[in-house]
Amino acid sequence: MRSRSACSRGWVSRRTFSLSHPADLLVPFSSLQEVKSFLEARNIPYSIIMEDVQKLLDEEQKNMTKSRRERSTSTFDFGSYHTMEEIFSWMDTLVENHPDLVSKLQIGQSFEDRPLYVLKFSTGGSNRSAIWLDTGTHSREWITQAIGVWTANKIAEEYGQDPSITAILDSMDIFFEVIANPDGFAFTHSSNRLWRKTRSLNPGSHCIGVDPNRNWDAGFGGSGSSSKPCSEIYRGPYPHSEKEVKAIVDFILSHGNVKSVISIHSYSQMLLFPYGYKRAPAPHHQELNELAKKAVSDLAAVYGTKYTYGSVADTIYLADGTTIDWAYLNGVKYSFTFELRDTGHYGFLLPNTQIIPTATETWPALVDIMVHVLEHPY
Amino acid sequence: MELPLSHFPARRAAALAAAYICYRTGGPGLGLRLRDLRAARREDLDDVGHKYSLELVLEDILDRDTTVNCTAEVLYHLGNKNLAPAVQFTLEGDLKNTDEADNVFYNQIKSLEKELVAENIPDSHGTISPGLEPIHLLGWVASGYVIWQNSTENTHFHLAQIKGVKQVKRNDEYLEFDYMILLHEMVSQDIIPWQLTVLWHPQHGVQVTGDSQQPTHQPE
């Protein structure tokens, strides 16, 4: 007997069936009544074996995705350099694996419309005091995004295990922007490994990009930055012209309760604090200096890696319009910049074999700062 | 006057001294780099320039446990900015003998059927294949020359990458390589391409016989 094709997706083929061979029909909901009537009218016995196939397919898809991500968490190689897509995918895994601790926010979009994602670590409360961390502001500093991933993972793992991290997260939140310059990062993968700036267009110039660490409204426009679009330290047409910078400014100002900003860069092996835009010491110079001294000492204790420390202007160069000067001038006392490994041997092209050692040694220094912030509320 | 060791003026002078020393002592089997700055003093000489006296510790790039102490004097000339800083140095003790490694490298290159060509040393992930380490070191040493010649108190150069290297055929016993290097200048944060012609011979050492700064390429 011929069976009419009951669905457009065609499990059913036009062929002859015999009574001793059952046939399965996949029937779209809209045709269900029609098919039942047809079968009943011809005394063809039928039974429903699956009520809703779509639901089962959805369930299966979800399970497949979950196990792919689970597999990728335990196999995520923290000791390699990853693409942006891999890092974004890993972020989702982290959130899935720590749903009560980690969530992902989007604070804006880059010039080329890439998402600016921030991982939020929080055990609850309402607008708790917070610590801000960022890596990847300068896209060529690949060690920073790489340790960003490791460190975010470490924070999630250590809550409930390490007394310091547990104490910190029991009263404070941590916000972590791992890829602060996604357009630049994509460009370092696709075209120029040594790209530093954003990828915004500069009207009237063939040169692209603004230095996202000279674009902040803190001593903007001084000798520690450039007015030329072709310069690697081009400050931009005006403060916060860059969407990547504005997003953080808006986030921190509207949050209103950020107590520390730690911006991670490479290279030079330094731990720096304000000011960069002028030589005069910041009001909290002594306290920041003491804290930096302790942090670099604990860093050195891991593998012997030597860091210097001090204000940006004294230690490295005059730099205006920087992240940490802006934060400090806006009331965020504990503002630090790390310049990670090395001191120039590999520079930006730090071998991936140094990712985990760098992350491992930097961890106690970060914890020192965060603990100090916790213990010195203001 | 004594200079704070963590502040950039002393650090820039130390980096320059190390680059010069590396150029004068190095080769495919030995490259020195700055490990530590122990002491720094500055003297301002009227009508002459700024003189830095430094105590440095240098390390062997190939064997970081091997260090050598060194004193150096760097004079940045006032006035003529085209004059390279004058550097004098004294090493404590002897550097390792690289005769064997030098001869191995020399014979390897001499016996190549086609002239050596390589690029991106290190690559994006910081990897240098072991066979290319002598070429990398030779480039590192030669970059010391360019860094020395172009340094001022307001610059701090490092070799960012060897973008490309091509061996140039010669009829005499010297080896010649045409390097395209990328220098990273820390104060401006510029990446500056520089072409170098490098001669080397096991007995005669490294010589940069030509160099020219290339236009900074701003890819769109």
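Over all chains of this predicted model, a search of the whole structure turns up 23 salt bridges. Side chains of opposite charge can pair when their charged atoms come close.

Lys246(A) and Asp250(A) make a salt bridge in which the closest N and O atoms are 3.0 Å apart. Where do Lys246(A) and Asp250(A) sit in relation to each other? They belong to helix H7 of chain A and are four residues apart, so about one helical turn separates them. Lys246(A) is partly exposed, at 36% relative accessibility. Asp250(A) is also given as partly exposed, at 36% relative accessibility.

Helix H8 of chain A, residues 285-303, holds another such pair. Here the side chains of Lys294(A) and Asp298(A) form a salt bridge, at 3.1 Å from N to O. Because these residues are four apart in the helix, about one helical turn lies between them. Lys294(A) has a relative accessible area of 45% and is partly exposed, and Asp298(A), at 25% relative accessibility, counts as partly exposed too.

Now look at Glu361(A) and Arg341(A), whose side chains meet in a salt bridge at 2.8 Å, N to O. Glu361(A) lies in helix H11 of chain A (residues 355-375), while Arg341(A) is in the loop between strand S8 (334-340) and H11, so this pair ties together parts that are 20 residues apart in sequence. Are the two partners buried or exposed? Glu361(A) is buried, with 0% relative accessibility, and Arg341(A) is buried as well, at 10%. Over in chain B, salt bridges that share partners link Arg33(B), Arg35(B), Glu59(B) and Arg64(B) into one network.

Let us turn to a strand in chain A. Strand S3 of chain A covers residues 130-135, and six of its six residues are buried, so the strand is largely enclosed by the rest of the structure. In a regular strand the side chains alternate between the two faces of the sheet. In S3(A), both faces are covered: Ala130(A), Trp132(A) and Asp134(A) are buried on one side, and Ile131(A), Leu133(A) and Thr135(A) are buried on the other.

Which strands pair with S3(A)? One partner is strand S4 of chain A (residues 173-177), which pairs with S3(A) in the parallel sense over five bridges. Within that pairing, Ile131(A) stands opposite Ile174(A). Another partner is strand S5 of chain A (residues 258-266), which runs parallel to S3(A) and is joined to it by six bridges. There, Trp132(A) has Val261(A) as its bridge partner.

Helix H6 of chain A is another mostly covered element, with seven of its nine residues buried. Its buried residues are Pro182(A), Asp183(A), Gly184(A), Phe185(A), Ala186(A), Phe187(A) and Thr188(A). What covers them? The cover includes helix H3 (84-97), strand S2 (115-121), helix H4 (142-158) and H7 of chain A.

Glu232(A) is buried, with a relative accessible area of 11%. Setting aside neighbours within four places in sequence, its contacts in chain A are Arg140(A), Arg196(A), Lys197(A) and Asp211(A). Glu232(A) also touches Ser188(B), Gln189(B), Asp190(B) and Ile191(B), and those contacts bring us to the other chain.

Definitions and conventions. Residues numbered from 1 in each chain as written. Chains lettered and ligands numbered in written order. Predicted model: local features only at pLDDT ≥ 70, side-chain atom pairs only at ≥ 80, totals over all residues. Heavy atoms only, no water. Buried < 20%, exposed > 50% of the residue type's maximum accessible area, 1.4 Å probe, protein only. Contact = heavy atoms within 4.5 Å. Helix = DSSP H or I, 4+ residues; strand = E, 2+ residues; numbered from the N terminus. Salt bridge = Lys/Arg side-chain N within 4 Å of Asp/Glu carboxyl O. Pairing = 2+ DSSP bridges.
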